[in-house]
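Biologist: Please take me through the model below, one question at a time, and give the cut-offs as you go.

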Amino acid sequence: MRKALGHTHRITSVACALYNGSRILALSTNGASVHAERNATGIAKYPAGAVAYVARARKDGSRGLARPCPVCRGRLILAGVVRVYYTTYTGYAMEELPQPARRYPPLIQGEQYA
Ligand SMILES: [Zn+2]
């Protein structure tokens with residue numbers, strides 16, 4: 001969480017860090033129209049099993065609510081992120097994410113899901 005908070009700045013106040021164990025997979029901020037979580041899941045090569053830390057810092061330096069929006073929550077789930085920690089006004093909160101349903105039938109070699 002400290003890493004994500006440290007990555008926030010005045011213009012793009014939300015940052016997202018993806019970790020797998022102690023290994024950092026991605027560190028991103030909000031873009032002009034892209035949320036930090038979406039950037040992070042785009043950067044990480046193998047986000048499955050990762051833990052996301054999403055931080056929002058307000059202009060006065062205090063923490064804001066950084067609960068992922070429904071779109072980003074869906075992206076985190078599809079990327080296989082297992083848990084997300086996000087800042088709240090008073091500290092932080094944690095949510096275990098559901099794992100995507102296993103897809104059946106299994107892929108035939110050379111076949112791809114749309
Ligand atoms: Zn979002």
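Modeller: A crossing is left-handed if the near helix is turned anticlockwise from the far one by less than a right angle, and right-handed if clockwise. The model is predicted, with local features needing pLDDT of at least 70 and side-chain atom pairs counting only at pLDDT 80 or more, while totals for chains, interfaces and linings use all residues. Residues are numbered from 1 along each chain as its sequence is written.

Biologist: Is the crossing of α2 and α3 left-handed or right-handed?

Modeller: The axes of α2 (residues 36-43) and α3 (residues 70-78), which are lines fitted to C-alpha atoms over the stretch in contact, come within 9 Å and cross at roughly 20 degrees. That angle therefore makes α2 roughly parallel to α3 (under 35 degrees, on a scale from 0 to 180 between N-to-C directions). As for its hand, the crossing of α2 and α3 is left-handed.

Biologist: Which residues of α3 does α2 meet?

Modeller: Residues are in contact if their C-beta atoms, placed from the backbone, lie within 7 Å. From the α2 side, Glu37, Arg38 and Thr41 take part, and they meet, in α3, Cys72, Arg75 and Leu76.

Biologist: Which residues touch the most other members of the largest nonpolar core?

Modeller: Such a core is a set of buried Ala, Val, Leu, Ile, Met, Phe, Trp, Tyr and Cys residues joined through C-beta atoms within 7 Å. Buried residues have 20 or more other C-beta atoms within 10 Å of their own, and 32% of the 114 residues of the protein chain count as buried. Among the 25 residues of the core, those touching the most other members are Cys16, Leu18, Ala52 and Val54.

Biologist: How far apart in space are Val54 and Cys16, C-alpha to C-alpha?

Modeller: Val54 sits in strand β3 and is buried because 26 other C-beta atoms lie within 10 Å. Leaving aside neighbours within four places in sequence, Val54 is in contact with residues including Ala4, Cys16, Glu37, Pro68 and Tyr86. Although Val54 and Cys16 are 38 residues apart in sequence, their C-alpha to C-alpha separation is 4.4 Å.

How values were computed. Helices (H or I, at least four residues) and strands (E, at least two) are DSSP runs, numbered from the N terminus. Angles under 35 degrees count as roughly parallel, over 145 as roughly antiparallel, 65 to 115 as roughly perpendicular and the rest as oblique. Two residues are in contact if their C-beta atoms, placed from the backbone, lie within 7 Å. A residue is buried if 20 or more other C-beta atoms lie within 10 Å of its own, exposed if 12 or fewer, and partly exposed in between; C-beta atoms are placed from the backbone.
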